[in-house]
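Here are my comments on the charged side chains. Please keep the sequence and the 3D view open as you read.

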Amino acid sequence: MSRVAYVNGTYRPHGDATVHVEDRGFQFADGVYEVWSIFDGRLADFDAHMTRLHRSLNELRIPIPMTREALTQVLKETVRRNRVRDGIVYLQVTRGTARRDHPFPAEGTPPSVVVTAKSIPQAKAEATAAKGVAVVTQPDIRWGRCDIKTVGLLPNVLAKQAARERGAYEAWMVDEMGLVTEGSSTNAWIVDENGKLRTRDTQANILRGCTRAAILELIKEEGVEFEERAFSVDEAKRAKEAFFTAAGAWVMPAVSIDGVKIGNGKPGPITKKLRELYLDQARRDAI
Ligand code: PLP
């Protein structure tokens, strides 16, 4: 099945879908992005991702490229044209194309908008989650505004590549205090040795994950003991359970950290329950 991408107002065959060489996303990583999970052709956690997109654009003073309604239409149309039932839709907005120069381009320069969608077989994702995955730790070498979802992801790319080269699925990044910040493309969680669910607070330099926020709402109803407090690599290695969250990964059990087995080396009961609850809700509320 041939893929289609939306680029600045037109839907193009994926192979011909290009932006200009002087697009500021390409030249300076001067852009932001969002990713929505798709269930049965519908977008999950829709409002949360849309709200974060607007916040990211505002923080960087990139103009809002089109109305929320128009953007929603483009996202859905890209999903439809790619015949994605289950997968993800990716949106990138950059500060547009202008002669290369560091300051912002002239006012009125239109932002660039790119949307792509791809299928992710659910059976494969379920099989991965049933076994759980390995995580390794890496120093967090990112800038000071990781709350903005920018396309400047080089440290994240290097961390993920290091994980893959060590046979792991995800890298958890670690600050100078030895505390886990987040995953290279996910938020990090543990059920600590006292049975308390923990994830780092968002005052710190991490992305405010939409999946993370959805889980925080769900646990209120479940009465799980929870603390929003950073944990060290050592605490993570001693944890009863570990997992990470993101659109596309949802709730993914981590069964080893730097080769150290977590719990009994299998996905734990709280992780499995949260995955089930999250997926039920995301599927139900997708639009
Ligand atoms: N942290 C980082 C660095 C990410 O890149 C992502 C997702 O791309 C997340 C966390 C998870 O965010 P969300 O749950 O909104 O997908």
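1. Start with a network of salt bridges. Its members are Arg 55, Glu 59, Arg 145 and Asp 147. Bear in mind that the model is predicted. Side chains of opposite charge can pair when their charged atoms come close.

2. How many salt bridges does the structure hold? The count is 26.

3. Look at Arg 52 and Glu 34. Their side chains form a salt bridge, with 2.7 Å from N to O. Arg 52 sits in helix H2, residues 46-60, and Glu 34 in strand E3, residues 31-39. The pair therefore ties together parts that are 18 residues apart in sequence.

4. Is Arg 52 buried or exposed? Arg 52 has 9% relative accessibility, so this residue counts as buried, the cut-off being under 20%. Glu 34 is buried too, with a relative accessible area of 0%.

5. Next, find Glu 126 and Arg 275. They form a salt bridge, and their closest N and O atoms are 3.0 Å apart. This pair links distant parts of the chain, 149 residues apart. Glu 126 belongs to helix H4 (residues 122-131), and Arg 275 to helix H8 (residues 269-285).

6. The two partners fall into separate accessibility classes. Glu 126 is partly exposed, at 34% relative accessibility. Arg 275 is buried, at 7%.

7. Finally, check Asp 140 and Arg 142. A salt bridge joins their side chains, at 2.9 Å from N to O. Both Asp 140 and Arg 142 are buried.

Definitions and conventions: Residues are numbered from 1 along each chain as its sequence is written. This is a predicted model: local features need pLDDT of at least 70, side-chain atom pairs count only at pLDDT 80 or more; totals for chains, interfaces and linings use all residues. Side-chain values use heavy atoms; hydrogens and water are left out. A salt bridge is a side-chain nitrogen of Lys or Arg within 4 Å of a carboxyl oxygen of Asp or Glu. Helices (H or I, at least four residues) and strands (E, at least two) are DSSP runs, numbered from the N terminus. Buried means under 20% relative accessible area, exposed over 50%, partly exposed in between (1.4 Å probe, protein chains only).
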